Amino acid sequence: NKFTKETVRIWKKYVINHWGRTLALVRNYSHLYFYYYAAGRLKDKYDACDSCVEYAVKGNSGFDLIVGPLSDKVEYLFNSGNYSLCIRDAKLGEDIIKKFYHNKDSIQGIAFFSNEIANALYFSQNIALAEKIADDKISQFEKTGNDKQLGALYRLFGLINNNKQQSVNAL
């Protein structure tokens, strides 16, 4: 831990003095994230994830290194019932993918983050907004031919309709 803190301190000095690029810090924090993951250090893992995101946004690079850790954090926030932070980070993840991360698996990431947003809204009792977002995302995915990504959103509609006592529509 002493060495990782020293490494981060040195890299921050390089970035502040414009001796290095922020991409190096993004990589450094990405490596720390996986180190903390393996060590089971939950708080440090998500702190490293936040720093990784911060420097990727500042340096406008390294977004491919943050999608995985951010997805993990969003899932953790949802599962721990911290829906407002889950929504915030999922929206950030969705925006990052749409703007910067255009790989073949991009649509899966967008679907994941969209689903987490809608589910967090549902479970935080903001059912009307969850339904609207799910409906909008389904329309968007269908228009782009990405209907394979819709299963989770349709399951959410089942919960919403069941909640409304509309059992026929829930099926």
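Residues are numbered from 1 along each chain as its sequence is written. In this predicted model, local features need pLDDT of at least 70 and side-chain atom pairs count only at pLDDT 80 or more, while totals for chains, interfaces and linings use all residues, and side-chain values use heavy atoms, with hydrogens and water left out.

**Exercise 1.** Work out which residues of α5 are buried and which are exposed.

*Solution.* Start with the helix (a DSSP run of H or I, at least four residues, numbered from the N terminus): α5 covers residues 83-100. Next, apply the cut-offs: buried is under 20% relative accessible area and exposed is over 50%, with a 1.4 Å probe and protein chains only. That gives C86, D89, A90, G93, E94, I96 and I97 as buried. They sit on the same side of α5 because their arc around the axis is only 160°, taken from the directions from the axis to the C-beta atoms. Over on the other side, S84 and K99 are exposed. Finally, look at the partners: the buried set packs against α4 (67-79), α6 (106-123) and α7 (127-143).

**Exercise 2.** Find what E94 is in contact with.

*Solution.* First place E94: helix α5, buried at a relative accessible area of 2%. Then skip neighbours within four places in sequence and look for contacts (heavy atoms within 4.5 Å). You end up with I110, F113, S114, I117 and K137.

**Exercise 3.** Find where confidence is lowest and where it is highest.

*Solution.* The protein averages 83, and 84% of the residues score at least 70. Helix α9 (residues 167-170) is lowest, at a mean of 51, and α4 is highest, at 95.

Technical notes. Helix = DSSP H or I, 4+ residues; strand = E, 2+ residues; numbered from the N terminus. Expected span 1.5 Å × (residues − 1). pLDDT = per-residue confidence, 0-100.
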